[in-house]
Amino acid sequence: MRWVFTGGSDGYIRRFDWFGSINGKVPLTVAQRHPFVDSVTRAGVLLSYWENEEPIVAGKPQVLHVPETTDDLKLSPVYSLAVQNQSLWLLSGLESGGINLQSVRHDEGKIITTLRKHNSAVSVLTLANDEKSVLSGSWDGIVYDWDLNTGQARREFPSSSGQISSVAFRPISTEWQDIRNTALINGVSGGRDKGLSNGVGAGDGDGDEDAPGSPAESTGSFDSLFGDNGDMGMGGEEDEMSRAITNGLGSDSASLENGREDQKTSNGDTIMTDDVTRIHTNETSGTRSGSTNGGLETNGFLPATSTNDPPSSTDQNVFLASSMDGTLRIWDIREPNPVAVSMPSKGVPPWCMNSCWSTNGNFIYAGRRNGTVEEFSVQKGIGETTRTMKFPLGSGPVSALTALPNGRHLICASFDNLRLYDLSENASKHSTVPFYIIPGHHGGVISSLYVDATGQYLISIAGNRGWEGVTTEVLLGYEIVSVLS
């Protein structure tokens, strides 16, 4: 992971030096450090930036965002980004529905071509493993499969009236389970039970209410990830990190061959700062049924990607798409209709800003507006929840999710904080609170979470991607360290 690319609501794409940022080349000022915890001390090293320009199409009316600081450029907010693994080019979504293909290494920011099919803002861009195709989701409720060799859309995947909020290919796993087809009755999926709670109870009767976002009440009662040793500074870890970078610790075969692995992130707001905080994850021999523990530890980090793994980490035929109206759909590009569909059940607000797969591809997690995360099993059918994780009152809507490569932990972002959930069946036996608070963000919508393939770094991006919600417009970087227990 060499560079981090971000996009903002101001219409600019920025490229940051990741290694320079985590090694503390630029310190934060006192004013910049004020909103964050003490461990956040370093600013991001900005290498370059350029405009996400909206090309003018003759004969079509233009609905453009024109920043007040420019007189002649027509810029579009960046709600989605997809970067080629060697950073030779990238794709950026436009507010008008177009997708800009831009060069990065040579003639940085030059628009090579613009893909046009959507008629509203492009909110999601997901590259296939071979990087010859891309899935794009838009506010028009449609997902397109693009052939990047020809620039043409190969297939259209219609959705509901809801705007597309996330698209993710299914991870490849040796523990794959068959996806059960979820039948629809009058357009609605079969009823769900209340699911199993994860140590805090699923709640009764008030699930249809939006969770209040109250940053003032977010961190007072729960354990923090600062750790018991009280040492959150990088200090001696810098030398270890430098050696790891030099020796290619935890890199997959592609990274070893090319000498780098480039970061791909999407954001809906301006980037201000960037720092590294250590996240401790407890690793034990016990794991939840149907999930993978990822093998042995490697030098204290989460298990690295094995060089014997298949080149593709995700199935390019099956993907999950979520809509802002709360609908989840599993598509197989070889089938004319969705393989499975899930609609919000009674008591659940029709809202979903983000969803993700488990590491083994057998479970789906969806964040809800009422401060809950729902778990679905593809084997049992996604019409019913298998578990519901309820956040404390005042946490706010859950806007971003990502699973750690160890197959046991899930990181959830709500308005007040980031939380690390232990998904193992015996998690509640060790603690009355089944999660840890990840320090850093405190109040604001999180637009995206990204964990690199080696499980060494987490990047969280604050932004609303054009939807409702107050945001701090900050990117934070974390180092993930496993602690055996």
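Reader: What makes E14-E19-E20-E21 an open sheet, and how are its strands paired?

Author: In this predicted model, four strands form the sheet in the order E14-E19-E20-E21, with antiparallel pairing. Strand E14 (164-171) and strand E21 (340-342) are at the edges; each has a single partner strand, so one side of each lacks a neighbour in the sheet. On average, neighbouring strands of this sheet are turned by 20° against each other, direction ignored.

Reader: How do you know that E14 and E19 pair?

Author: Two strands pair if there are at least two bridges between them. Seven bridges join E14 to strand E19 (residues 314-323), so the two count as paired. They run antiparallel, and serine 166 stands opposite serine 322 in E19.

Reader: What makes the approach of serine 21 to the backbone nitrogen of valine 45 a polar contact?

Author: The cut-off is 3.5 Å between N or O atoms. A polar atom of the serine 21 side chain lies 2.9 Å from the backbone nitrogen of valine 45, which is within that limit.

Reader: How do you know that the charged end of arginine 15 sits over the ring of tryptophan 3?

Author: The distance limit is 6 Å from the ring centre. The charged end of arginine 15 is 4.8 Å from the centre of the tryptophan 3 ring. Arginine 170 lies over the face of tryptophan 176, at 4.5 Å from the ring centre.

Definitions and conventions. Residues numbered from 1 in each chain as written. Predicted model: local features only at pLDDT ≥ 70, side-chain atom pairs only at ≥ 80, totals over all residues. Heavy atoms only, no water. Lys NZ or Arg CZ within 6 Å of the ring centre and 35° of its normal. Axes fitted to C-alpha atoms, helices over the stretch in contact; angles between N-to-C directions. Polar contact = N/O pair within 3.5 Å; in protein donor to acceptor, adjacent residues only side chain to side chain.
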